[in-house]
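Here are my notes on this model. Please read them with the structure open.

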Amino acid sequence: MAATRDDAPTDRPDGTLHTPDSSALRPPTLLALPSYLAGHVARIGHRALVEALKEHGLRLPHFAILAGLGDFGPLAQHELADRLGLNRSHLVGYLDEVEQQDLVRRDRDPGDRRRQRVALTAAGEKRLKDLKKVADHSQTDFLDGLSDTERETLITLMRRIVAMDDRAANSPAKNPR
């Protein structure tokens, strides 16, 4: 194939003609991939949330811990790590940091003294309530270009994909006993 100018039409392997868009910031090939788009959009939203939490002296794993305990109540440390998708050994360090701020407490599990149970303190419950507003605001700003209906649709579709992945990860074929 002969060398072409950047904006000259080129033949695709399928026989169609492709004219590069020299004004595009990202390769159209990548922009056609939902996984690329989802990953990039996630980085944008993640950045907004991380910055908002940073202003309140916490990192995303700290917020995740508080949110997990707020949503599920007291949990064994290993179960909290699993539900949050965090490495169990990393969770210990994050717990140390939020425990130093009196946001969580760890106690022996009465049902199994070998386990630690983690629970929110009263200060942790209050902080979580405030941080939920901060997180919601950061995400509203992040999705500012979408209508309310579009936001709801986007969230519904993303939740559906996550739920399908959770079901697949927990299926008997994936987790033989």
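1. Thr-121 counts as buried because its relative accessibility is 10%. Buried means under 20% relative accessible area, exposed over 50%, partly exposed in between (1.4 Å probe, protein chains only). Thr-121 sits in the loop between strand 5 and helix 6 (122-142). Helices (H or I, at least four residues) and strands (E, at least two) are DSSP runs, numbered from the N terminus.

2. A word on the basis. This is a predicted model: local features need pLDDT of at least 70, side-chain atom pairs count only at pLDDT 80 or more, and totals for chains, interfaces and linings use all residues. Residues are numbered from 1 along each chain as its sequence is written, and side-chain values use heavy atoms, with hydrogens and water left out.

3. What does the side chain of Thr-121 reach? Another is the backbone nitrogen of Gly-124, at 3.0 Å. Leaving aside neighbours within four places in sequence, Thr-121 is in contact (heavy atoms within 4.5 Å) with Asp-102, Leu-103, Val-104 and Arg-105.

4. Strand 4 (residues 104-109) pairs with strand 5 in the antiparallel sense over 6 bridges. Two strands pair if DSSP finds at least two bridges between them. Strands 4 and 5 form a hairpin, with 2 residues between them. Arg-106 stands opposite Val-118 in strand 5.

5. Strand 5 (residues 112-120) also pairs with strand 3 (residues 75-76), antiparallel, over 2 bridges. Ala-76 has Arg-117 as its bridge partner there.

6. Helix 3 (residues 60-72) has buried residues, including Phe-63, Ile-65 and Leu-69. Just after helix 3, Gly-73 takes a positive phi of about 80°.

Notes
A polar contact is a pair of N or O atoms within 3.5 Å; within protein, one must be able to donate a hydrogen and the other to accept it, and residues adjacent in sequence count only if both atoms are side-chain atoms.
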